[in-house]
Amino acid sequence: QELGLKDSAFIVAETEERIIGFAVARHIAGEAELFKIAVLTEYRRKGVAVSILKEIIRLIDPRKIFLEVSESNSAARAFYETMGFRKNGERRGYYGNENAVLMEWNNED
């Protein structure tokens, strides 16, 4: 469904053999929401996610990017923080009995 929307952006990282990572975002009026970024386990910590996120930023050139991540996903939260995202809130019980951490990246800083 997301593929058909004109404001959606998709990035795929691949080797010659297969897709190893991807990201999905939507951008409207200079702002974006990062819905998902994923990298196969054996390719993590090798710069793939960094490259994907940088390409999303290059492609849509947002002033801000928003996302939410589960409170217990410390690896993802640490990754986003190294990429310049900052916590700006939370949603209690968003993932059932787990909170979502809201994060924001601001290109105007």
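Guide: Helices (H or I, at least four residues) and strands (E, at least two) are DSSP runs, numbered from the N terminus. This is a predicted model, in which local features need pLDDT of at least 70 and side-chain atom pairs count only at pLDDT 80 or more, while totals for chains, interfaces and linings use all residues. Residues are numbered from 1 along each chain as its sequence is written, and side-chain values use heavy atoms, with hydrogens and water left out.

α1 has 13 residues, and the distance from its first C-alpha to its last is 19 Å, close to the 18 Å expected at 1.5 Å a residue (the expected span is 1.5 Å times one less than the number of residues). Its buried residues are Val 48, Ala 49, Ile 52, Leu 53, Ile 56, Ile 57 and Ile 60; buried means under 20% relative accessible area, exposed over 50%, and partly exposed in between, with a 1.4 Å probe and protein chains only. An α-helix has 3.6 residues a turn, so residues three or four places apart point the same way. The cover over the buried residues of α1 includes β1, β2, β3, β4, α2 and β6.

After α1 comes Asp 61, with a positive phi near 45°. Asp 61 belongs to the loop between α1 and β4 and is exposed, at 57% relative accessible area. Most residues other than glycine have a negative phi. Ala 29 also has a positive phi, near 50°; this residue sits in the loop between β2 and β3 and is exposed at 64% relative accessibility.

Beyond the loop that holds Asp 61, Lys 64 lies in strand β4. Lys 64 forms a salt bridge with Glu 104, with the closest N and O atoms 3.6 Å apart; a salt bridge is a side-chain nitrogen of Lys or Arg within 4 Å of a carboxyl oxygen of Asp or Glu. Because Glu 104 is in strand β6, the pair ties together parts that are 40 residues apart in sequence. Glu 104 is buried at 17% relative accessible area, whereas Lys 64 is partly exposed at 23%. Lys 64 is also in contact with Glu 31, whose other contacts outside four places in sequence are Arg 26, Arg 63 and Phe 66. Glu 31 is in strand β3 (residues 31–39) and is partly exposed, at 32%. The whole structure holds six salt bridges.

Methods:
Contact = heavy atoms within 4.5 Å.
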